[in-house]
Structure formats: structure tokens, C-alpha cells
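Please read it alongside the sequence and the coordinates.

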Amino acid sequence: MSAPTMTAEAAPMSKRKTLEALSGLLLVLFVAMLSSTVVSTALPKIIGALNGSQTQYTWVVTATLLTATATTPIWGKLADLFNKKLLIQIAIVVFLVGSVAAGFAQSAGQLIAARAFQGIGVGGLQALVQVAIAAMIPPRERGRYNGYLGGVMALATVGGPLLGGLIVDTSWLGWRWCFFVGVPVAAVALFLLQITLNLPTVRRDNVKIDYLGATLIAAGVSVLLIWISFVDDSFAWLSWQTGAMVGGAVLLLALAVWVEARAAEPVVPLHIVRERTTALAILGSLAVGMAMFGGAVFLGQYFQIGRGYSPTEAGLLTIPMMAGVLISSIVAGRMITATGKIKPYIVFGAFMLVIGFAMLGTIDHETSLVFVGLAMFIVGVGVGMTMQNLVLAVQNTVALKDIGAASASVAFFRSLGGTIGVSVLGAVLARRVTDRITHDLAAAGIPTSGGGGSTLNLDALPEPVRQIVRAAYGDATGHIFLISAAIAVVGIVAALLLRPVTLRSSLDLPDTGRSVAVGADAVDGAPAFDEVSVDSAGREERTRR
């Protein structure tokens, strides 16, 4: 394969053009996040209306995460080879088709299938938005713009549950509009991207896409996550089904590693994954994803089923967490831009994540909402300081030509952690709820043959059974948050082991663009002393590092 022809992609955009392009990208990110958050508080009513079970409740979330996880590295690699703008637009269209299909679902099974297709688009958006931003803004300046990202995250996460609650509480709308509502927003995002986003493509001849590696990765991850979702429910941990699925997943992923090590254009470049900062960021993202997605996805269920609040009220009750995300991401982003240091904020955020989830691990169906709100705020601070900054730490270590694969690798493992977290914690919650309901029904002398614990449609249950179900969910949810805290400890370890570096001020690494490093030492590809760059007029400019 011939060498790539470098274009103006390595040259930073003006601030005005950057903000214009960022507006469309942030709207895309808002649409992707809204697809999950608008459903979070509405999901108990949606599953109840479709007569679904707790297992199906979990799978509505897991299906999207699963397909998003499996396709994220593929989207990231495509971004290194083809036009990033076109790929983002394709991902939006896929996302829209899945959203409309979900809105017309007639059963829980159809809804899960539509959400799985929607996840393919979400996988593209969560990888490509980060890639496009990295292609426009140098790592040192990106910290400042992370405040905008945090604002969008907070708006989508606060506005989504509120919007979802209002939709399902409004009789003339109904829950289907939770999926339709994103269509006009995505249409506006498509228009903005078309007129504002201009990212020159690195032209490469004889491009080869590793379809075999992509297929093996997607298949291996899917089999593993399907096993996690069904083990201890449909079959035992020690069973032939477990052996077949785990063994098959390990074999597929081992073959994927073998193929990736030999492919000319690997989907997940192993030399990037093996680099210390990337490996630790991946480990941290895996833990953050498991804790954050696995814990937060059940908050709406806790407030509605465990505490008896309406979907709208449940959305309002999640505001403290989003306030934590917004405040911490803005403050940390500006301080990172000012100092160039990123490790202290990731470490602090990892500790806050553990503390917040440990506090949530003590709640039951009667815990003070003030205490719950404080714990959620602390979790939000942890998320705001870790999630985006782990991606930024990796982007700082790789060349611009590899930014897609590197960013997608972190997003891939974060989504993988989230999918595992939702599946495992959902299974733990379902088991504890079932055991608690069965015990309390027997203690109250109520027959259990009616399957009161298998449905989330509380309106169909008699009042005594309804109270037992509420208490069971409220008390069991604290246990899964405690598990989230234990998982998040891994993130602390990974953050502490990160190498302290100063973020570079150039879009590309000095030895891969038009600049050369001067000095005998370098850290993570960033020169330790002077940097000589060549401007458009051919003049040399020296920058003290």
C-alpha cells in the first residue's frame, strides 16, 4: 500500500470555523445521548405497556450497547481511511432508521431488535464525533472545549429523562414519541454538519479493510455479552451452554488477535493498544463504563418502581448527577487547558466515582432524597472528570493518522464495560428482586403462582403485591451500586499508573507532521525540549516545551 498523501488536515482550523463545526458535532452527540436518556425514565412504562419482563428491560438497554460496542472499532478504523464527515452522516441515518423502527415496535422483542440496529449508528456517532474533534483541535486546547462536551452531556442527560417523563405522562403523545422525538433533532444536525464540517481526507491508495478481523471481534464480543445476559437465568454457570458460549467467545477473540497482528490495516492496531497510556486508559474506561452505565441505567427504575415517583419526577431527581457532570467537566477542562496536565483530574475523578457509588450502595426504598442527590452529584463529578479525559490522554499519544482507531479503541472498551455492567448488574438485580418478592409474598401469605415479580406493569398488580414489589426494587438497587463502587476501584488503579505528561499544542505528533523534535528525550511522543515547526511560508518556528 502506498504512503498516504497528507493534506491540510494537520493544520488547525480558525476558532470561528472550529465553533461552527463544533455546533453540528455537539448536536450529533446530543442526539446519540438523548436516545438513551429519553428512554431511561420512560422504560418502566414502556416495558409495562408491552408486558415485558425485567430481563427484557435490561435487554432494551443492552441491545443498543452491544451493537454499539461491536461496531465502534470498525467505525473508528473507517475514519482513518475515508471521509469522516460522510461517515458521521451515514451513522446518523442508521441511527434514525433504528429510532423510527423502535417507535413502531409492537412487542418487547421487536423493540429490542430495533434498539440493536439503532446501536450500530450510536457506535458510529460515539467514535466519530471524538475523531472529528481530534482532527480539528490540538490536545492542549481540547480541554477547554471539553466544557462544551460536558454541557451537552448534562443537557442530554437531564433533559432526556425529563422529556421522556413528560412524553409518557402526556396521554396524547405516548411512549412511542420517546423514539420519534430525536428525528427532527438529527435532521437539523445533518444540515449543520453539511454546511459547517470540512475535514480534508488523508488520501490513501489501495486501502484494505480488515473485514475478517472486524467480523471476529464483533462475533466474539456479541457471544460473550449474550452469555453474560442469560447465565444464571436461562442456564447455570456450570453448564454445557456456558462452556460452549465462553469457549466460543474466547476462540473467536483469540483468532481476532491473531488476524489483527497480521493484517495490513487492522481494525484495532495492536501497537496502539499495547502502548502504556492507551492500555491504562482502556482499563480505566472499562471500569468507568461498567460502573457508570451499569449503575446509572437503573436509577430511573429505582425512583419509579422503588420509590413510586412518576417518570417526570424521576427525571427531575437525576438532576444532581448531571449537575456534577456539567460543573466538573467545565472546571477540569479549563484547568487542563491552562496547565496542560491531565492525570491529576483523572485520578481525582476516579476517586469521586468510587465514593459516590459507595454512598449509593447504602440506599433502600426509604433513604432520604437529599442523601441520594448528594451521592449522585459526586458520581457526576467522577464521570465528568474521567470519561472524556481518558480519551484525551490517548489522543495525545498517537499520530493524527491513527486518531480514529485510538479513540474508537477507548470508546469500544468503555461501551464493552457498560454492556457487561448493565448485563451483570441487571442479572444480579433481577435475581435479588425475585428472591425478595418470593420471600415477602410467602411471609404475607400471598400466593406466588401469579408471577408478580416477573412483570414491571405495577398497575396490573393488587395493592399489597405492588408495595412488596416496590420495596424489593428499592432495597435491591443499593446492592448493585455497591458492586459498581467495587468495579470503579479498578479505575483508580489505572489512573494512578498513568504517566504524567503535558498535552501537546499541535494537532499531530512532531515526527509525523511537518515538525521535528529537537532534544534527546521525549515522553509519549511529545518533545521534552524545543520543537521546530515549519509554517505555510516555509519559515521555522521554535516553541519551548
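Phe303 has a relative accessible area of 0% and therefore counts as buried, where buried means under 20% relative accessible area, exposed over 50% and partly exposed in between, with a 1.4 Å probe and protein chains only. The model is a predicted one, in which local features need pLDDT of at least 70 and side-chain atom pairs count only at pLDDT 80 or more, whereas totals for chains, interfaces and linings use all residues. Residues are numbered from 1 along each chain as its sequence is written, and side-chain values use heavy atoms, with hydrogens and water left out.

Phe303 sits in helix H13, which spans residues 299–306; helices (H or I, at least four residues) and strands (E, at least two) are DSSP runs numbered from the N terminus. H13 is mostly covered, since eight of its eight residues are buried, and among them are Leu299, Tyr302 and Ile305. Beyond residues up to four places away in sequence, Phe303 touches Gly308, Tyr309, Ala314, Leu317, Thr318, Leu369, Val372 and Met376, a contact being heavy atoms within 4.5 Å.

**The chain as a whole and its core**

The protein chain has 19 helices and five strands, and buried residues make up 57% of its 545 residues. Among contacts between residues at least 6 apart in sequence, 81% join residues at least 24 apart. The accessible surface comes to about 21100 Å², of which 67% belongs to carbon and sulfur atoms; such areas come from the Shrake-Rupley method with a 1.4 Å probe, and for residues only the protein chains shown count as cover.

In soluble globular proteins, nonpolar side chains tend to be buried together. Here the largest nonpolar core has 148 residues, of which Leu25, Ile46, Ile88 and Leu360 touch the most other members. The largest share of this core, 14 residues, comes from helix H17, residues 369–395. A nonpolar core is a set of buried Ala, Val, Leu, Ile, Met, Phe, Trp, Tyr and Cys residues joined through side-chain atoms within 4.5 Å. Leaving aside neighbours within four places in sequence, Leu25 is in contact with Ile88, Val129, Ala132, Ile133, Met136, Leu193 and Leu197.

**Salt bridges**

A search of the whole structure finds two salt bridges, each defined as a side-chain nitrogen of Lys or Arg within 4 Å of a carboxyl oxygen of Asp or Glu.

| Pair | N to O distance |
|---|---|
| Arg499 and Glu275 | 3.9 Å |
| Arg436 and Asp475 | 2.8 Å |

Arg436 lies in helix H18 (residues 403–443) and Asp475 in helix H19, so this pair ties together parts that are 39 residues apart in sequence. Arg436 is partly exposed at 29% relative accessibility, as is Asp475 at 21%. In the other pair, Arg499 is partly exposed at 28% and Glu275 is partly exposed at 23%.

**A nonpolar surface patch**

Leu326, Ile327, Ile330, Val331, Met335 and Phe377 form a nonpolar patch on the surface, with about 450 Å² of accessible area together. Patches are made of residues with over 30% relative accessible area and no salt bridge, like charges being joined within 9 Å and nonpolar side chains (Val, Leu, Ile, Met, Phe, Trp, Tyr) within 5 Å. Helix H15, residues 319–339, gives the most to this patch, with five residues. Ile330 lies in H15 and is partly exposed, with a relative accessible area of 33%.

**Confidence**

The chain averages a pLDDT of 76, and 79% of the residues score at least 70, pLDDT being the predictor's confidence in each residue, from 0 to 100. Confidence is lowest in S1, at a mean of 36, and highest in helix H16 (residues 343–360), at 92. Over residues 450–454 the pLDDT is below 50, and this stretch has six contacts in the model beyond near neighbours in sequence. For residues 512–545 the pLDDT stays under 50, and the model has 65 contacts there beyond four places in sequence.
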